[in-house]
Amino acid sequence: MGKISGVAYLTSRWIRRQPMWLVQDLFIVAGFAILMFVWGGISGLRNVLVAWFISGSWGMGVNLVAQSIGWDKQGKTMDMFIASPVKPFHYIFGYFISSLIFLVADFLYMLPLIFFLNAWGIVLASLIAVAPLLVISNFVGLAIVMRIKKPTNISAITNPIQMMLIILPPVFYPAHIIPLPARYFVLMLPTAAGAELARQLSGLSTWGNLWYPVAVLLIWLVLGIVTSSRAVKWGME
């Protein structure tokens, strides 16, 4: 545990140096809440709670953790960890813990909205869906970033992947508005499956097929474990 907390401490020093990264999230949360209220009223606000948990967990792994590890690899900072008693699990999990500050901050920003809507059921359902998605996003992010050779390509690859799988699929909007034959294909995406699972558990979805998004997330979990284990090289491995 000491090795993990040490990595988490070292990789979270930016919080004191650049706290505005957390402040900017406040404006993004507020902006999306206003947009969803104008679009869908109270129902839109309930959906934005689900969307923000899902998008935050996906972006944390695919973008934030993956980019940080990618830059460590390119900048040779990873070599320092490799030369220490730190193992891959300690290193990756330490980054994961330090990055949780964004999800915690977003939750605090959304508290007034949660109290206003009395939406604790939605929060609980979202957290259940977020749990596997956090693991999937970190594994997928690792599988991608460990194969990038040029450091200038890290953000150019992870940023579009993050945004495409948040904005285009039914994350900020419910999946039941998509015609049923196409819905099965769209929900093969991990973000869409996570959002649908949260909506079904919270009663926001009118589609009664709970096991389909669960199966999709389990498949992505297995794929993420396999691909990331082959991509991560530690020391002379």
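Trainee: How should I read asparagine 138 at 7% relative accessibility: buried or exposed?

Mentor: Buried means under 20% relative accessible area, exposed means over 50%, and partly exposed is in between, using a 1.4 Å probe and protein chains only. Asparagine 138, at 7%, therefore counts as buried. Keep in mind that this is a predicted model: local features need pLDDT of at least 70, side-chain atom pairs count only at pLDDT 80 or more, and totals for chains, interfaces and linings use all residues. Residues are numbered from 1 along each chain as its sequence is written, and side-chain values use heavy atoms, leaving out hydrogens and water.

Trainee: Which residues does asparagine 138 touch, and where does asparagine 138 lie?

Mentor: A contact is a pair of heavy atoms within 4.5 Å. Setting aside residues up to four places away in sequence, asparagine 138 touches Gly61, Val65 and Phe96. Asparagine 138 lies in helix H6; helices here are DSSP runs (H or I, at least four residues), numbered from the N terminus.

Trainee: What is alanine 66 in contact with, leaving aside its neighbours within four places in sequence?

Mentor: Alanine 66, found in helix H3, is in contact with Gly61, Gly141 and Val145. With a relative accessibility of 1%, alanine 66 counts as buried. The C-alpha atoms of alanine 66 and glycine 141 are 4.9 Å apart, although 75 residues separate the two in sequence.

Trainee: How far apart are the C-alpha atoms of tyrosine 95 and alanine 8?

Mentor: They are separated by 5.6 Å, while lying 87 residues apart along the chain. Tyrosine 95 has its place in helix H5 and counts as buried, at 7% relative accessibility.

Trainee: Now helix H7: how many residues does it have, and how far does it reach from its first C-alpha to its last?

Mentor: The expected span is 1.5 Å times one less than the number of residues. H7 (residues 154–167) has 14 residues and reaches 20 Å, close to the 20 Å expected. Its buried residues are Ile154, Thr158, Gln162, Leu165 and Ile166. They cover an arc of only 105° around the axis, so they sit on the same side of H7; the arc is taken from the directions between the helix axis and the C-beta atoms. These buried residues pack against H3, H6 (120–145) and helix H9 (190–202).

Trainee: And isoleucine 161, which residues does it touch, not counting those up to four places away in sequence?

Mentor: Isoleucine 161 also lies in H7, and it touches Trp58, Val62 and Ile144.

Trainee: Which residues form the nonpolar patch on the surface?

Mentor: A patch takes residues with over 30% relative accessible area and no salt bridge, joining like charges within 9 Å and nonpolar side chains (Val, Leu, Ile, Met, Phe, Trp, Tyr) within 5 Å. A salt bridge puts a side-chain nitrogen of Lys or Arg within 4 Å of a carboxyl oxygen of Asp or Glu. Here the patch consists of Ile34, Phe37, Val38, Ile42 and Phe116, with about 540 Å² of accessible area together; areas come from the Shrake-Rupley method. Helix H3 (residues 20–74) gives the largest share, 4 residues. Valine 38, in H3, is exposed, at 66% relative accessible area.

Trainee: What is phi of asparagine 118 near?

Mentor: Most residues other than glycine have a negative phi. Asparagine 118 has a positive value, near 50°. Its place is in the loop between helix H5 (88–117) and H6, and asparagine 118 counts as exposed at 62% relative accessibility.

Notes:
Areas by Shrake-Rupley, 256 points an atom, 1.4 Å probe, with all protein chains shown as cover. Helix = DSSP H or I, 4+ residues; strand = E, 2+ residues; numbered from the N terminus.
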